[in-house]
Amino acid sequence: QVQVVESGGGLVQPGGSLRLSCAASGSIFKVYVLGWYRQAPGNERNLVASITTGGKTTYADSVKGRFTISNDGNIYTASLQMNDLKPEDTAVYYCNAKERFWGRDSDYWGQGTQVTVSS
(Lines give C-alpha, C1' and ligand atoms only; values in the text may rest on other atoms or scores of the structure.)
Protein backbone atom coordinates (compact mmCIF):
# COMPACT_ATOMS: atom_id res chain seq x y z
CA GLN A 1 0.00 0.00 0.00
CA VAL A 2 0.99 3.58 -0.68
CA GLN A 3 0.11 6.43 1.63
CA VAL A 4 -0.15 10.00 0.33
CA VAL A 5 0.02 12.98 2.69
CA GLU A 6 -0.54 16.59 1.64
CA SER A 7 0.11 19.90 3.35
CA GLY A 8 -0.37 23.54 2.51
CA GLY A 9 -3.38 25.35 1.12
CA GLY A 10 -5.46 28.11 2.63
CA LEU A 11 -6.91 31.49 1.77
CA VAL A 12 -5.04 33.94 -0.44
CA GLN A 13 -5.89 37.13 -2.32
CA PRO A 14 -5.85 37.25 -6.12
CA GLY A 15 -2.30 37.62 -7.38
CA GLY A 16 -0.90 35.90 -4.30
CA SER A 17 1.09 32.69 -3.92
CA LEU A 18 0.74 29.37 -2.12
CA ARG A 19 2.83 26.22 -1.92
CA LEU A 20 1.42 22.72 -1.59
CA SER A 21 3.51 19.73 -0.57
CA CYS A 22 2.91 16.02 -1.02
CA ALA A 23 4.81 12.95 0.12
CA ALA A 24 4.26 9.30 -0.77
CA SER A 25 5.32 6.59 1.65
CA GLY A 26 4.88 2.87 2.21
CA SER A 27 5.37 0.45 -0.67
CA ILE A 28 6.53 3.18 -3.07
CA PHE A 29 9.01 1.29 -5.24
CA LYS A 30 6.42 0.89 -8.04
CA VAL A 31 5.31 4.56 -7.97
CA TYR A 32 6.24 6.24 -11.23
CA VAL A 33 4.44 9.60 -11.16
CA LEU A 34 3.05 12.06 -8.60
CA GLY A 35 0.42 14.56 -9.60
CA TRP A 36 -1.72 17.37 -8.27
CA TYR A 37 -5.39 17.42 -9.24
CA ARG A 38 -8.13 19.86 -8.30
CA GLN A 39 -11.88 19.73 -8.01
CA ALA A 40 -14.22 22.71 -7.70
CA PRO A 41 -17.83 22.22 -6.52
CA GLY A 42 -19.93 20.68 -9.29
CA ASN A 43 -16.89 20.00 -11.45
CA GLU A 44 -14.81 16.96 -12.28
CA ARG A 45 -11.41 16.33 -10.74
CA ASN A 46 -8.79 17.42 -13.26
CA LEU A 47 -5.03 17.22 -13.52
CA VAL A 48 -3.15 20.41 -12.62
CA ALA A 49 0.46 19.22 -12.87
CA SER A 50 2.47 16.01 -12.60
CA ILE A 51 6.08 14.92 -12.27
CA THR A 52 7.50 11.50 -13.02
CA THR A 53 10.21 9.85 -10.94
CA GLY A 54 12.45 10.68 -13.90
CA GLY A 55 11.68 14.37 -13.53
CA LYS A 56 9.39 14.88 -16.53
CA THR A 57 6.70 17.49 -15.82
CA THR A 58 3.26 18.10 -17.31
CA TYR A 59 0.94 21.07 -16.78
CA ALA A 60 -2.65 21.94 -17.54
CA ASP A 61 -2.86 24.83 -20.01
CA SER A 62 -4.68 26.98 -17.45
CA VAL A 63 -1.72 26.99 -15.04
CA LYS A 64 1.28 27.06 -17.40
CA GLY A 65 3.62 29.89 -16.50
CA ARG A 66 2.03 30.35 -13.06
CA PHE A 67 2.45 26.97 -11.32
CA THR A 68 5.62 24.92 -10.92
CA ILE A 69 5.83 21.31 -9.77
CA SER A 70 9.09 19.94 -8.37
CA ASN A 71 10.38 17.05 -6.29
CA ASP A 72 13.05 18.98 -4.35
CA GLY A 73 15.50 16.12 -4.80
CA ASN A 74 13.20 13.41 -3.45
CA ILE A 75 11.46 11.51 -6.27
CA TYR A 76 8.59 10.48 -3.97
CA THR A 77 7.59 14.04 -3.10
CA ALA A 78 5.88 16.70 -5.18
CA SER A 79 5.64 20.37 -4.30
CA LEU A 80 3.36 22.70 -6.22
CA GLN A 81 4.35 26.36 -6.18
CA MET A 82 1.34 28.43 -7.23
CA ASN A 83 1.93 32.06 -8.21
CA ASP A 84 -0.39 34.74 -9.56
CA LEU A 85 -3.40 32.91 -8.20
CA LYS A 86 -6.82 33.67 -9.65
CA PRO A 87 -10.32 33.15 -8.21
CA GLU A 88 -10.84 30.35 -10.73
CA ASP A 89 -8.00 28.43 -9.06
CA THR A 90 -10.25 27.96 -6.03
CA ALA A 91 -10.78 24.23 -5.47
CA VAL A 92 -9.86 21.27 -3.32
CA TYR A 93 -6.42 20.12 -4.40
CA TYR A 94 -5.56 16.42 -4.23
CA CYS A 95 -2.20 14.71 -4.54
CA ASN A 96 -2.12 11.46 -6.46
CA ALA A 97 0.48 8.72 -6.67
CA LYS A 98 0.34 6.20 -9.49
CA GLU A 99 2.05 2.84 -9.37
CA ARG A 100 2.41 0.38 -12.21
CA PHE A 101 2.62 -3.38 -11.73
CA TRP A 102 2.31 -5.92 -14.48
CA GLY A 103 1.12 -3.18 -16.85
CA ARG A 104 -1.75 -2.04 -14.62
CA ASP A 105 -1.93 1.31 -12.84
CA SER A 106 -3.21 1.83 -9.32
CA ASP A 107 -4.08 5.25 -7.91
CA TYR A 108 -3.53 6.48 -4.37
CA TRP A 109 -5.01 9.79 -3.19
CA GLY A 110 -4.38 12.20 -0.40
CA GLN A 111 -7.18 13.62 1.71
CA GLY A 112 -7.32 16.91 -0.20
CA THR A 113 -6.53 20.47 0.83
CA GLN A 114 -8.66 23.56 0.21
CA VAL A 115 -7.27 26.48 -1.77
CA THR A 116 -9.43 29.60 -1.80
CA VAL A 117 -8.51 32.67 -3.84
CA SER A 118 -10.64 35.62 -2.85
CA SER A 119 -10.37 39.26 -1.93
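Predicted model: local features only at pLDDT ≥ 70, side-chain atom pairs only at ≥ 80, totals over all residues.
A residue counts as buried when its relative accessible area is under 20%, as exposed when it is over 50%, and as partly exposed in between. Aspartate 107, at 37% relative accessibility, is therefore partly exposed.

The side chain of aspartate 107 meets that of lysine 98 in a salt bridge, with 2.6 Å from N to O. Lysine 98 has a relative accessibility of 19% and so counts as buried. A further salt bridge joins arginine 100 to aspartate 105, and here the closest N and O atoms lie 2.7 Å apart. Both partners are partly exposed: arginine 100 has a relative accessible area of 45%, and aspartate 105 one of 35%.

In general, side chains of opposite charge can pair when their charged atoms come close. The count for this structure comes to 7 salt bridges. Among them is the contact between aspartate 61 and lysine 64, whose closest N and O atoms are 3.1 Å apart; these two residues are both exposed. Elsewhere, salt bridges link Arg38, Arg66 and Asp89 in a network.

Turning to the aromatic residues, a search of the whole structure finds 3 aromatic pairs. In one of them, the ring centres of tyrosine 94 and tryptophan 109 lie 6.4 Å apart and the planes stand at 90 degrees, so the pair is edge-to-face. Tyrosine 94 is buried at 15% relative accessibility, whereas tryptophan 109 is partly exposed at 36%. Phenylalanine 101 and tryptophan 102 also make an edge-to-face pair, 6.1 Å centre to centre and with 80 degrees between the planes. Of these two, phenylalanine 101 is partly exposed at 49% relative accessibility, while tryptophan 102 is exposed, with a relative accessible area of 78%.

Arginine 45 lies over the face of tyrosine 94, 3.6 Å from the ring centre. Likewise, the charged end of lysine 30 sits over the ring of phenylalanine 101, at 5.2 Å from its centre.

Finally, arginine 104 has its place in strand β10 (residues 104–109). With a relative accessible area of 67%, arginine 104 is exposed. Arginine 104 is 76 residues from isoleucine 28 in sequence, and their C-alpha atoms are 15 Å apart in space.

Note on methods. Residues numbered from 1 in each chain as written. Heavy atoms only, no water. Helix = DSSP H or I, 4+ residues; strand = E, 2+ residues; numbered from the N terminus. Buried < 20%, exposed > 50% of the residue type's maximum accessible area, 1.4 Å probe, protein only. Salt bridge = Lys/Arg side-chain N within 4 Å of Asp/Glu carboxyl O. Phe/Tyr/Trp six-rings, centres within 6.5 Å; stacked < 30°, edge-to-face > 60°. Lys NZ or Arg CZ within 6 Å of the ring centre and 35° of its normal.
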